Amino acid sequence: MSELRLCHASCADQKVDAVVNAANKYLQAGGGICGVIFSKAGMRELTEACEKYMTPLNDGDAVITPAFKMTNVKAIIHAVGPNFSVTPEAFKELFDAYYKSLVVLMENGYHSISFPLISSGIFGGNLDHPAKESAKQCLRAYEKFISDYPDYWLK
């Protein structure tokens, strides 16, 4: 049986198999939760791991790296959320960032994940309620994932 919980806390502090980084398309260290994750994992180590991917990634893509110095997680999934200032109707890409993160989690044999609210900060653009939209797309992706993979459990 899978479950989804909303927490008022940093995704980087949760004890889970994988934490999701709200990544930019170049997989470079940034601000917000991205900066926190890079700092906790080890700037040099995580930067080198991210440089192994061909960038730029597309909005909605998700890739995985080791967690390095983050002792509370086993891996980091980097999900590229859309920048609503540039693409104001990119709701499908936001959904994809969540859904593909869950697929990457499954493909690597992990079962627990901690998401930030992707594209709800500076990438929220002119959305009226970027956090609400991000949470909505996260829930939609979760529901589709458990429907598509009913035998794979998430905790």
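In this predicted model, Q137 touches F91, L94, F95 and Y98, when residues up to four places away in sequence are not counted. The residue belongs to helix α4, which comprises residues 130–148, and with a relative accessibility of 3%, Q137 counts as buried, since burial is assigned to values under 20%.

One of the residues touched by Q137, F95, also takes part in a group of aromatic side chains, for ring pairs link F95, Y99, F145, Y149 and Y152 into a cluster. A pair of aromatic rings is described by the distance of the centres and the angle of the planes. Across the structure, the count of such aromatic pairs comes to 6. In the pair formed by F145 and Y149, the ring centres are 5.0 Å apart and the planes make an angle of 40°, an arrangement classed as tilted. In the pair formed by F145 and Y152, the centres lie 6.4 Å apart and the planes stand at 90°, so this pair is edge-to-face, the class given to planes over 60 degrees apart.

The strands of the model were examined next. An open sheet is formed by 4 strands, arranged in the order β2-β3-β1-β4, and the pairing within this sheet is mixed. Strands β2 (62–66) and β4 (113–114) stand at the edges, and because each has a single partner strand, one side of each is left without a neighbour in the sheet. The partner of β4 is β1, which covers residues 18–23; these two strands run parallel and are joined by 2 bridges. Within this pairing, V19 stands opposite S114 in β4.

Helices also pack on the sheet. Helix α1, formed by residues 32–41, touches β1 and β3 (75–80), and its direction makes about 130° with that of β1. Helix α2, formed by residues 43–50, packs on the sheet through β2 and β3, with a direction that makes about 135° with that of β2.

The loop between α2 and β2 contains T55, a residue that is partly exposed, with a relative accessible area of 32%. When neighbours within four places in sequence are left aside, T55 is in contact with K25, Y26 and L27. For T55 and L27, which are 28 residues apart along the chain, the C-alpha atoms are separated by 7.5 Å.

Finally, the cysteines were considered. A disulfide is a covalent bond between the sulfur atoms of two cysteines. A search of the whole structure finds 0 disulfides. For C34, the closest cysteine sulfur is that of C50, and the distance of 8.0 Å between the two is too far for a bond, given that the sulfur atoms of a disulfide must lie within 2.5 Å. C50, for which the nearest cysteine sulfur is that of C34, is accordingly in no disulfide.

Key: Residues are numbered from 1 along each chain as its sequence is written. This is a predicted model: local features need pLDDT of at least 70, side-chain atom pairs count only at pLDDT 80 or more; totals for chains, interfaces and linings use all residues. Side-chain values use heavy atoms; hydrogens and water are left out. Two strands pair if DSSP finds at least two bridges between them. Contact means heavy atoms within 4.5 Å. Axes are lines fitted to C-alpha atoms, for helices over the stretch in contact, and angles run from 0 to 180 degrees between N-to-C directions. Rings of Phe, Tyr and Trp (its six-membered ring) pair if their centres lie within 6.5 Å; planes under 30 degrees apart count as stacked, over 60 as edge-to-face and the rest as tilted. Buried means under 20% relative accessible area, exposed over 50%, partly exposed in between (1.4 Å probe, protein chains only).
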